[in-house]
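Subject: Structure handover

Dear colleague,

Please find the structure below. My notes on what was found in it follow.

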Amino acid sequence: MSIEQFIENEVKTNDVLLFMKGTPQFPQCGFSGQVVQILDHVGVGYKGLNVLESADLRDGIKTYSNWPTIPQLYVKGEFVGGCDIIREMFQAGELQSLLAEKGVIAAPASA
């Protein structure tokens with residue numbers, strides 16, 4: 001299986017997928033750590049793939065997404081963004097709305 005096929009398969013078979021440096025339990029860069037904290041805070045289940053384990057994966061995901069930086073978040077096969085975008089979306093409530101729209105987490109109860 002080529003790295004492109006591996007990435008495509010992971011993106012398609014995981015509802016929420018984070019390509020990151022390190023693991024969700026042990027992020028190895030501040031940007032990956034911020035996205036992990038956000039995902040943990042909103043309570044969504046996700047898979048983290050450590051790009052530091054493979055140069056092919058690290059380079060392949062940048063080519064796949066046409067996005068130069070790590071971390072990269074995918075929801076239901078769709079590239080959402082990197083750390084800054086995810087943080088801004090979270091602060092604006094847009095990330096939670098996107099996850100709810102995609103059926104990944106329940107929409108928050110209205111007050």
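Throughout these notes, contact means heavy atoms within 4.5 Å. This is a predicted model, so local features need pLDDT of at least 70 and side-chain atom pairs count only at pLDDT 80 or more, while totals for chains, interfaces and linings use all residues. Residues are numbered from 1 along each chain as its sequence is written, and side-chain values use heavy atoms, with hydrogens and water left out.

Overall fold

The protein chain has five helices and four strands; these are DSSP runs numbered from the N terminus, with helices being H or I of at least four residues and strands E of at least two. Along the sequence their order is α-β-α-β-α-β-β-α-α. The radius of gyration, taken over C-alpha atoms, is compared with a globule rule of 2.2 Å times the number of residues to the power 0.38. For 111 residues a compact globule would come out near 13 Å, and the 14 Å of the protein chain agrees with that. Along the principal axes, the C-alpha atoms fill a box of roughly 50 × 25 × 25 Å.

Among contacts in the protein chain with a separation of 6 or more, 58% are between residues 24 or more positions apart. The accessible surface is about 6,100 Å², and carbon and sulfur atoms hold 49% of it. Those areas come from the Shrake-Rupley method with a 1.4 Å probe, and for residues only the protein chains shown count as cover.

On charge, there are 8 positive and 13 negative side chains, and the centres of the two sets lie 2 Å apart. Lys and Arg count as positive and Asp and Glu as negative, with His and the chain ends not counted. Each charge is placed at NZ of Lys, CZ of Arg, CG of Asp or CD of Glu.

The cores

Buried means under 20% relative accessible area, exposed over 50%, and partly exposed in between (1.4 Å probe, protein chains only). By that rule, 40% of the 111 residues are buried. A nonpolar core is a set of buried Ala, Val, Leu, Ile, Met, Phe, Trp, Tyr and Cys residues joined through side-chain atoms within 4.5 Å.

The largest such core has 20 residues, and Val-44, Leu-73 and Leu-99 touch the most other members. At least two residues each come from strand S1 (16–20), helix H2 (30–42), strand S3 (72–75), helix H4 (83–92) and helix H5 (94–101). H2 gives the largest share, five residues. A second, separate core has ten residues, including Ile-7, Leu-57, Ile-61 and Ile-70.

Leaving aside neighbours within four places in sequence, Leu-73 is in contact with Val-16, Leu-17, Leu-18, Leu-39, Glu-78, Phe-79, Val-80, Gly-81, Ile-86 and Leu-95.

Helix H5

- Leu-95 lies in H5 and is buried, at 0% relative accessibility. Its contacts are Ile-38, Leu-73, Ile-86, Met-89 and Phe-90. Its C-alpha atom is separated by 9.4 Å from that of Ile-85, ten residues apart along the chain.
- Gln-96 is also in H5 and touches Val-42, Met-89, Phe-90 and Ile-105. The C-alpha atoms of Gln-96 and Gly-43 are 53 residues apart along the chain and separated by 9.8 Å.
- Leu-98 is in contact with Val-75, Val-80 and Met-89. From Leu-98 to Val-80 the C-alpha distance is 9.4 Å, across 18 residues in sequence.

Backbone points to check

Most residues other than glycine have a negative phi, and most peptide bonds are trans. The following sites depart from that.

The peptide bond from Ile-70 to Pro-71 is cis, with omega near 10 degrees. Pro-71 sits in the loop between helix H3 (55–65) and S3. Asn-66, found in the loop between H3 and S3, has a positive phi of about 60 degrees although it is not a glycine. Asn-66 is exposed, with a relative accessible area of 70%.

Lys-76 likewise has a positive phi, near 50 degrees. Lys-76 is placed in the loop between S3 and strand S4 (78–81) and is partly exposed, at 40% relative accessibility.

Regards
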